[in-house]
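I opened a two-column notebook page to record what I looked up, in the order in which I looked. Each entry starts with what I wanted to know.

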Amino acid sequence: MLLDVTDLRKTFPARTGLFGNVIDHVHAVDGVSFSIAEGRTLGLVGESGCGKSTVGRAILRLIEPSSGAVRFEGNDIVGLPADRMRELRRRMQIVFQDPYSSLNPRKRAGDIVAEPLLVHGIANAAERREMTQAIFAKVGLQPRQMGLFPHQFSGGQRQRISIARALALGPRFIVADEPVSALDVSVQAQVINLLMDLQARDGLSYLFISHNLAVVEHVSHDVAVMYLGRIVEHTTKSTIFARPLHPYTRALMAAVPVADPSVRRDKAHVMGDVPSPIDRPKGCHFHPRCPLAEPRCRTEEPKLREVQPGHRVACHLAV
Amino acid sequence: MTDALYYARRYPLGVIGALILIVFVLTAIFAGVVAPMDPLTTNARASLAPPSHIYWIGADMMGRDMLSRMIHGARISLAVALGATCIGSGLGAMLGLASGYLGGWFDLIVQRIAEIMQSLPLLVMALVITASLGPSLTNTIIAIAIPLIPNVARVIRANVLSLRELNYVEAARAIGMGRTRIALVHIFPNTLAPLIVLATAQLGSTILTEASLSFLGLGVPEPYPSWGRMLSESAAEYIHSAPWLVIFPGLAISMVVFGANLFGDALRDILDPRQGD
């Protein structure tokens, strides 16, 4: 496996006392485990605030994990010293959701893409320029646009610049954190196709974080559904879309709009809002909103278990 | 060169501001050549002489030529204004950047010290500093610069706090860039806009602080003229009987502040790539 995440946890202090002692914790990520093989894409889905972005950042140690192991190419990167981590960063990168705040407005597009090369002392100025031109072409930008500033590009083009920056060091794994959610629908398809082309060509692996199931269905090989900091269902794409087992996954699927106005669907599979990640419900975290909840769901926490080969679900009722 | 012409055409007000500043700075540098009379020579018969063909903008109580005093005063006033603003804004920006970006204990200590300094009036602090250092031009600049530091540091810190959460800073960390480099390459250039606005706004107040210090005998020593002192010494007594003693130093101060503001605005826009094309 290229990436192995084991029991990853991240808590943030929610409230601190008079002497800086932490009173409450936000359990943003609460014991998440998964792995991603070479050339594969894991789609990580869930509502906003479920901790999916925190998972992506913790894997790259942009946020320090509270505990757990992240094995990349066989090495646990949690607690790795800064110089070794820096070396690994050449092979694991990130693309952000917001195409505006992800590019420094004062830097030219060419310099943004060349910066990773510069930081790692790769090649001289002329060679870097050539490499940057090649990367521009690779992501579908014109090399003559290298001298322009970010505000002179459209949202989709800016996202291509972000992807180009992530590709500059020749990574094997990219965290794509909602890479198309801020784009127009017509542009979304272009950016997704670009990501998939890059995967087909270079064998890249992705952790594709999204709340958009249609997009996830298109790009992923496997899908993991997160709820309140935990994975509640994890299996292959075809299985999860054909036979979702967790009531939360089913609710998400039912919420996907169908392009046929004559189809009438029963709404409200899920009642209410996501509970607070500080004060979480006892038992199954999903029980207050679950249409199928039984008495034991209120007291007993369901473990993530393999109900069928390669299909993990955290629900007492799943068989 | 073509760049300069391009910007000059785009920002005519900036050009006016720059010209005003250049004229004042040249006047200050060549004060000895430009001034028609000696600024320190007194003449009892010309006491409070109104503007005339000899004393173009009048003479003060001691009969010294106001124009010559104004021209020589430009040296001190501009040295204090530019010196104190540059030192104060520069140190303040560095502290604010470090404080906001590093956070933790360093931030806590810097911010508490800044709060203590801000709770004292600027003039009182400048008074204490000059009183302990002794009156001289350099000490006056230092005394005025130090109280500026906390204001700048706080504004820049607040700016840095919002900038450091942006994705491009995270992206820089993801490519393995060091903290210092991120602060200098990605954060500092984006704080320039508020820094320039703040610095130009402070320029005027430094001239007036110098005036108060000199008036109290703690600024630049007598009899060397500065605009601020000329203004503050005459304001109460001669505003009705000899208004030229008040109007012209006041005008000079206003013009410098005005010029600096125009120039600062244009500079801020020129340094912002989003304003281009």
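The entries below go from one chain to the other and end where the two meet.

**Entry 1. What kind of model**

I noted at the start that this is a predicted model.

**Entry 2. Domains of chain A**

I looked up the domain assignment of chain A. Domain 1 is made of 3-91 + 171-313, and domain 2 covers 102-170. I then checked the spacing and found the C-alpha centres of domain 1 and domain 2 of chain A 29 Å apart. Where they touch, 10 residues of domain 1 of chain A are in contact with 12 residues of domain 2 of chain A. Helix α6 (residues 185-202) of chain A supplies the largest share of the domain 1 side, 4 residues. I sorted that side of domain 1 by class and got 8 nonpolar, 1 polar and 1 charged.

I asked how strand β1 (residues 3-16) and strand β2 (residues 22-36) of chain A pair. The pairing is antiparallel and runs over 11 bridges. As one example of residues facing each other, I wrote down A:Leu8, which stands opposite A:Val32 in β2(A). The hairpin of β1(A) and β2(A) has 5 residues between the strands. There I found A:Gly20 with a positive phi near 75 degrees.

**Entry 3. The sheet of 8 strands**

I traced an open sheet of 8 strands in chain A, and its order is β6-β7-β8-β3-β9-β10-β12-β11. The pairing in this sheet is mixed. Which strands stand at the edges? They are β6 (92-95) and β11 (305-308) of chain A. Each has a single partner strand, so one side of each is left without a neighbour in the sheet. I also took down the twist, which averages 20 degrees from one strand to the next.

I looked for a helix lying across this sheet. Helix α9 (residues 247-255) of chain A lies across β3 (41-45), β9 (222-227) and β10 (230-236) of chain A. Helix α9 of chain A runs at about 105 degrees to β9(A).

**Entry 4. Strand β7 of chain A**

I followed two of the facing residues. A:Met92 stands opposite A:Phe173 in β7(A), and A:Val95 stands opposite A:Ala176 in β7(A).

I then turned to the pairing of β7(A) with strand β8 (residues 205-210) of chain A, which is parallel over 5 bridges. A:Ala176 has A:Phe208 as its bridge partner in β8(A). Between these two strands the chain goes from β7(A) through α6(A) to β8(A), and this β-α-β crossover is right-handed.

Is β7(A) buried or exposed? I counted 5 of the 5 residues of β7(A) as buried, so the strand is largely enclosed by the rest of the structure. Both faces are covered, with A:Phe173, A:Val175 and A:Asp177 buried on one side and A:Ile174 and A:Ala176 buried on the other.

**Entry 5. Chain B as a whole**

I moved to chain B and looked up its elements: there are 12 helices and 0 strands. The C-alpha trace of chain B spans about 75 × 50 × 30 Å along its principal axes. Chain B has 277 residues, and 43% of them count as buried. I also looked at the contacts in chain B with a separation of 6 or more, and 70% of these are between residues 24 or more positions apart.

**Entry 6. One residue of chain B**

I picked B:Ser232, which sits in helix α11 (residues 227-238) of chain B. Buried means 20 or more other C-beta atoms within 10 Å. B:Ser232 has 20 within 10 Å, so it counts as buried. Leaving out residues up to four places away in sequence, I found B:Ser232 touching B:Ala211, B:Ser212 and B:Phe215. I also looked at B:Leu245, which is 13 residues from B:Ser232 in sequence and 9.8 Å away in space, C-alpha to C-alpha.

**Entry 7. Where the chains meet**

Last, I looked up the contacts between the chains: 15 residues of chain B are in contact with 22 residues of chain A. Helix α8 (residues 167-174) of chain B gives the most to the chain B side, with 6 residues. By class, that side of chain B has 8 nonpolar, 4 polar and 3 charged residues.

Methods. Residues numbered from 1 in each chain as written. Chains lettered and ligands numbered in written order. Predicted model: local features only at pLDDT ≥ 70, side-chain atom pairs only at ≥ 80, totals over all residues. Contact = placed C-beta atoms within 7 Å. Nonpolar A, V, L, I, M, F, W, Y, C, P; charged D, E, K, R; others polar. Domains from an automatic or database assignment. Pairing = 2+ DSSP bridges. Buried ≥ 20, exposed ≤ 12 C-beta atoms within 10 Å, placed from the backbone. Axes fitted to C-alpha atoms, helices over the stretch in contact; angles between N-to-C directions. Right-handed = clockwise from strand over helix to strand, strands pointing away.
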